[in-house]
Amino acid sequence: MCQICFDEPGSHSFYLLKTEKNVNFYYTCPAEATKYWDTQGILKHYEEVLTLNGQNPWVWIFDSQNFGINHSMQINIALGIVRMLKEKYGQYLQEIKIVNPTIYIRTFYAVIEPFLSKELIEMIKWEI
């Protein structure tokens, strides 16, 4: 478990939501994280969670409810996660569901899209 979240629950937001038909569903809502700006801590948190996933297929549910301008300024976190997906954890990723999209998440996506692989872009589904 993430030591930061152990010491201060709710610091980061990324956890196993459910397993359905042998697929793990992970959930994140950056607006719920009290330390949404903690680049190193968040990347370590994701690394720990995804290491436990191993070679299991997984889906990432990205809840952008209340995702605002402060969250959209965290480009280094997004680029770090993209790097992790490209280099290590994207092989078993089946889909990225973006739910409750805000104008800020759409703008944020436009900024990071050039850094995404074609495969990652094709996995992203916007749920309105």
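Two strands count as paired if DSSP finds at least two bridges between them; helices (H or I, at least four residues) and strands (E, at least two) are DSSP runs, numbered from the N terminus. This is a predicted model, where local features need pLDDT of at least 70, side-chain atom pairs count only at pLDDT 80 or more, and totals for chains, interfaces and linings use all residues. Residues are numbered from 1 along each chain as its sequence is written, and side-chain values use heavy atoms, with hydrogens and water left out.

**View A. The β1–β2 hairpin.** Here β1 (residues 15–20) runs antiparallel to β2, with five bridges joining the pair. Look for Y15, whose bridge partner in β2 is Y27. Two residues sit between the strands, and K21 in the turn has a positive phi of about 50°.

**View B. Helix α2 and its cover.** Buried residues (under 20% relative accessible area, 1.4 Å probe, protein chains only) include G41, H45, Y46 and N53. Among the elements covering the buried residues of α2 are α1 (3–7) and α4 (75–89), with contact meaning heavy atoms within 4.5 Å.

**View C. Y104 in helix α5.** Y104 belongs to α5 (residues 103–112). With a relative accessible area of 35%, Y104 is partly exposed, a class that lies between buried and exposed (over 50%).
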